[in-house]
Amino acid sequence: MTTDWIRWHQDYDAPGSPLARRLAVVQRDLRRALADAPCGEDGVRRLVSICAGDGRDVLPVLAEHGRGRDVRALLIELDPTLSQRARARAVDLGLSEVEVWTADAGAADTYQQVQRAQVVMACGVFGNVAVEDVRRTVAALPALLAPGGIVIWTRARPDAGPDPSLKVRACLADHGFAELAFTSPTDARFRVGMHQLVEHPAHPPALRPGTRLFTFV
Ligand SMILES: C[S@@+](CC[C@H](N)C(=O)[O-])C[C@H]1O[C@@H](n2cnc3c(N)ncnc32)[C@H](O)[C@@H]1O
């Protein structure tokens, strides 16, 4: 059975729901990332949100304090209804520098013309793909990020058994990331991590055309 992602977003609207709480953490971390991530040489910070949904994590934060002016954001979302909602929200918020692509964020080809970003959002991705795809996506992050760039990611734990966020954190450490923040409430299953690329390879490998980072299962 495939997930109805439009319906999934409705949980955000229930005050105090785990998703609403997770949103608050993601937005808090994003404010910090936008403040701390080094600017590009042109004085601009680029943000890429993969599997962006309706953009409700990123867009209101960009709208605060006119931050949208010095941030170029690209939201990539496969579902046309959700991507259209994100586009409409960006317009409502006066965020003219935001692009929303209705596109496959799992395909390396999607990123061929995308400049390296100071901030990558990978929220709601790692829990929906195979473990091998999590590894592949983490390994691809240095190709998507500028030196010192920051990734914000989420991963829920199951009711029982090991917490899969441990493996995500270990994998990020293996690929040159330092942990800036990790939020793991005891009364909720969501986890939110924020990691900075501190060991940037001199020649980070580009994403190979025709390959995939992940596929939702
Ligand atoms: C769990 S939701 C997360 C949405 C958003 N990032 C958030 O945290 O609110 C996963 C989203 O990924 C989208 N999606 C699934 N596969 C995708 C793909 N290959 N490329 C882009 N988006 C995809 C779904 O349509 C859905 O909106």
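Figure 1. The model shown here and in the views below is predicted. Asp 13 forms a salt bridge with Arg 56, and their closest N and O atoms are 3.0 Å apart. This pair links distant parts of the chain: Asp 13 lies in the loop between α1 and α2 (18-36), Arg 56 in the loop between β1 and α3, 43 residues apart. Arg 56 has a relative accessibility of 18% and counts as buried. Salt bridges with shared partners join Asp 13, Asp 54 and Arg 56 into one network.

**Figure 2. Two further salt bridges, from a total of 14 in the structure.** Arg 46 and Asp 42 meet through their side chains at 3.0 Å, N to O. Arg 46 is buried, with a relative accessible area of 16%, whereas Asp 42, at 47%, counts as partly exposed. The second salt bridge is between the side chains of Asp 159 and Arg 189, with an N to O distance of 3.6 Å. It links distant parts of the chain, with Asp 159 in the loop between β5 (145-156) and α6 (165-174) and Arg 189 in the loop between β6 (177-183) and β7 (190-197), 30 residues apart. Asp 159 is exposed at a relative accessible area of 71%; Arg 189 is partly exposed at 38%.

Figure 3. An N or O atom in the side chain of Arg 22 is 2.6 Å from a ligand oxygen. A ligand nitrogen is 2.7 Å from an N or O atom in the side chain of Asp 104, and a polar backbone atom of Leu 78 is 3.2 Å from a nitrogen atom of the ligand. On its own the ligand has 600 Å² of accessible area, of which the protein covers 96%.

**Figure 4. Cys 51 and the cysteines.** The disulfide count is zero. Cys 51 is in no disulfide, because the nearest cysteine sulfur, that of Cys 123, is 10 Å away and a disulfide needs sulfur atoms within 2.5 Å. Cys 39 is partly exposed, with a relative accessible area of 37%.

Note on methods. Residues are numbered from 1 along each chain as its sequence is written. This is a predicted model: local features need pLDDT of at least 70, side-chain atom pairs count only at pLDDT 80 or more; totals for chains, interfaces and linings use all residues. Side-chain values use heavy atoms; hydrogens and water are left out. A polar contact is a pair of N or O atoms within 3.5 Å; within protein, one must be able to donate a hydrogen and the other to accept it, and residues adjacent in sequence count only if both atoms are side-chain atoms. Accessible areas come from the Shrake-Rupley method with a 1.4 Å probe; for residues, only the protein chains shown count as cover. Buried means under 20% relative accessible area, exposed over 50%, partly exposed in between (1.4 Å probe, protein chains only). A salt bridge is a side-chain nitrogen of Lys or Arg within 4 Å of a carboxyl oxygen of Asp or Glu. Helices (H or I, at least four residues) and strands (E, at least two) are DSSP runs, numbered from the N terminus.
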